[in-house]
Amino acid sequence: MSPQPVNRPPRQDRGPQPVHDAVMCVAAPALAVSPEHGQLDGSGLGGFYQGGRRVLARCELRIAGASPVPVQGGLVTAGRARFTSVARVPGDTAPDPALTVERLRTAGGTERITVHNTGSRPLRIPFEVSLATDLAELAAVSAGSPGPELQSSVCDAGLLWSAEGLRARVTAEPAPESAMASAGLLCWDLALPPGASRTIELRATLEPAVAGVSGGSAPAVPVPWSVPEIRGADGRAQTLLRTALDDLRALLLRDPGHPQEVHVAAGAPWRLGPAPADALWAARMLLPLGTRLAAGTLRAFARRQDPETGGLPGPLRHSGPHLPPTCSGVEAGLLFVTLLAEARRWGLPERDTEQLLPAAESGLRWLRSVVAEGGYVPDPVPGGPVRCEVQAHAHRAMLHGADLLQACGRPGAQEWRERAEALRRRFREDFWLDDPAGGIPAAALTPDGRPVPHLGSATAHLLDTGLLGGCETAPGLLDKAQTEQLAGLLVAPELASGWGLRTLSAKAPGYNPFGHRGGAVRVHETAVAVGGLASAGHDREAAALLLGVLDAAGEFGHRLPEMYAGEQRDESRRPAPHPTAARPAAVAAAGAVHMLTALAGIRPDAPERAVALRPLAPFPLGDLGLAGLRVAEEPFAIRIDASGTAVIEEAASGLRIGD
């Protein structure tokens with residue numbers, strides 16, 4: 001017999017669900033989304049999710065027939081939240097509530113509810129939990145199209161719902177004294193002497209097991225990065241680093257069939273599955289904390305390469321009001337080569353490099369096949385534009401491909417260096433638009449070669465040249481004068497909001513401070529800009545952007561969302577959350593780590609047992625110690641004073657220190 005929906009009024013919520021004020025617990029691929037008061041009433045995106053299905057949509061408490069009064073709610077860690085409320089009971093005459101209620105909720109589907117009698121008389125109170133679910137897919141719920149609530153049945157110590165070959169079960173410990181399937185109620189009669197507490201634990205599970213469902217348990221392998229520590233006068237840096245790594249830990253996914261290898265999901269709640277571009281970016285930005293995440297990520301996506309073309313999959317990504325959507329698979333394919341080459345410089349073992357080299361060579365063959373007649377990498381659709389940031393990724397991949405091929409004794413290195421040099425010459429002529437103010441880089445070229453002149457944060461990728469051997473960064477697509485001009489543009493009010501870089505200039509037609517690519521601040525691209533500016537020697541500009549993001553992070557509890565509004569900073573404004581931004585988001589959390597470690601200017605060459613340092617000067621965070629890093633897979637620690645002078649406090653034996 002197919003399950004019958006409960007006869008309830010139809011829900012009215014339609015359209016993308018806002019999540020900016022949600023309390024989001026994540027242990028990928030498990031998720032719990034709650035309002036700040038903690039009561040799950042079945043509306044919006046609220047509920048427990050496992051494997052992309054809503055296991056529980058309603059979890060409402062009533063004490064003596066009434067809902068407790070919410071007092072406080074929020075995250076304890078990325079995967080755990082606490083909600084506090086108080087309740088009065090019949091016969092109360094004192095002004096103070098007699099009961100406090102604490103709910104500890106985890107992403108994995110558990111909730112511990114503790115009721116404490118703070119009054120002076122013994123109490124016996126009816127306590128009930130109203131439960132319901134629709135077993136809807138997360139994508140449908142997030143689009144405002146949930147399913148009807150299902151009829152429950154009573155099971156041992158709880159309730160059960162079934163649909164589409166799946167069963168959602170909620171069990172309680174201790175078992176309820178009564179259960180009513182028709183109303184979805186579990187009931188207890190709690191005896192509470194003065195000062196006493198009673199705890200009820202609920203556990204929501206999905207049966208049978210869905211592929212990839214972890215139930216919120218920790219990965220089977222240790223967290224694949226070192227645990228760094230920042231010591232210094234500015235405590236915000238350590239707080240931001242700690243929360244960023246907590247977010248990334250919550251997004252870890254085990255690769256199906258290879259549980260010893262992990263990579264990160266893109267973000268919650270929308271993209272809790274494999275996303276090549278996001279995962280590769282996160283692994284690259286965490287290289288100062290070791291190469292284990294890079295190795296697992298590279299192996300996971302090497303298995304996803306197209307066996308014929310060598311390309312990687314990736315969805316279309318919105319790119320603002322002036323350009324059509326871009327394919328993130330192109331970005332991922334180019335980034336794969338870069339990540340392997342840079343991971344080797346940070347200390348990826350040679351055996352891992354050798355195992356992954358065939359996949360990088362496949363990626364280079366794919367790159368050769370997609371380069372158009374003019375030498376550029378266009379969008380992979382007929383009539384697609386040639387984007388400036390894609391050319392930056394391609395140029396970097398060419399140089400990194402040459403670096404890998406030469407280091408591993410494979411042919412073709414000179415070809416790729418020549419291709420990169422030719423791309424540099426063409427780009428400086430075709431993409432740079434001169435004007436009396438010094439010029440700007442075009443955002444793209446149309447198929448007939450006309451420049452698209454709007455300015456946005458994507459231009460920051462032009463400064464991200466990458467790390468090569470000899471502790472040196474690669475040459476960039478821009479010459480020295482153009483680089484200096486771009487550095488100034490990135491900190492001018494047109495692009496710099498005061499809390500980070502806008503995705504579109506505030507002066508451009510179509511600017512929208514809440515636009516995904518139309519004016520909002522994306523943490524990832526601001527982080528790319530900070531690292532690129534620091535690497536190019538534009539210390540003042542890098543520091544200004546970093547300090548703006550640090551200030552914004554404080555407004556978000558130091559847990560940076562994927563993006564936030566790009567309104568101009570002034571004394572009357574705080575950074576406004578974006579209603580549909582992922583939080584946690586892999587590239588935002590990894591971007592926070594990247595910004596902080598980029599300040600130190602660490603440039604390793606592990607195969608040559610060398611490392612160079614070039615911290616920002618003056619150092620924007622004052623005296624600072626940075627420990628728990630990894631160079632050549634050995635502990636690395638430095639101290640930087642306010643003038644920007646660095647002293648190495650710990651390093652691998654035999655590591656040469658360069659300039």
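Tutor: A nonpolar core is a set of buried Ala, Val, Leu, Ile, Met, Phe, Trp, Tyr and Cys residues joined through side-chain atoms within 4.5 Å. Buried means under 20% relative accessible area, exposed over 50%, and partly exposed in between (1.4 Å probe, protein chains only). The largest such core here has 155 residues, and Leu31 and Phe636 are among those with the most contacts inside it. Helix H5 (residues 328-346) gives the largest share, 11 residues.

Student: What should I keep in mind about the model?

Tutor: The model is predicted, so local features need pLDDT of at least 70 and side-chain atom pairs count only at pLDDT 80 or more, while totals for chains, interfaces and linings use all residues. Residues are numbered from 1 along each chain as its sequence is written, and side-chain values use heavy atoms, with hydrogens and water left out.

Student: What does Leu31 touch?

Tutor: Contact means heavy atoms within 4.5 Å. Leaving aside residues up to four places away in sequence, Leu31 touches residues including Met24, Phe48, Ala268 and Pro269. Ala268 and Pro269 are themselves joined by a cis peptide bond, with omega about 0°.

Student: Why is Cys471 called buried?

Tutor: Its relative accessible area is 8%, and the cut-off is under 20%, so Cys471 counts as buried. Cys471 also has a positive phi of about 60° although it is not a glycine.

Student: And how do you know whether Ala632 is buried or exposed?

Tutor: The same test applies: at 12%, Ala632 falls under 20% and is therefore buried. Ala632 has a positive phi too, about 55°, without being a glycine.

Student: What makes E1 and E2 paired strands?

Tutor: Strands (E, at least two residues) and helices (H or I, at least four) are DSSP runs, numbered from the N terminus. Two strands pair if DSSP finds at least two bridges between them. E1 and E2 (residues 30-34) are joined by 5 bridges, so they pair, and they run antiparallel.

Student: Why are E1 and E5 at the edges?

Tutor: The open sheet has 4 strands in the order E1-E2-E4-E5. E1 (23-27) and E5 (53-56) each have a single partner strand, so one side of each lacks a neighbour in the sheet.
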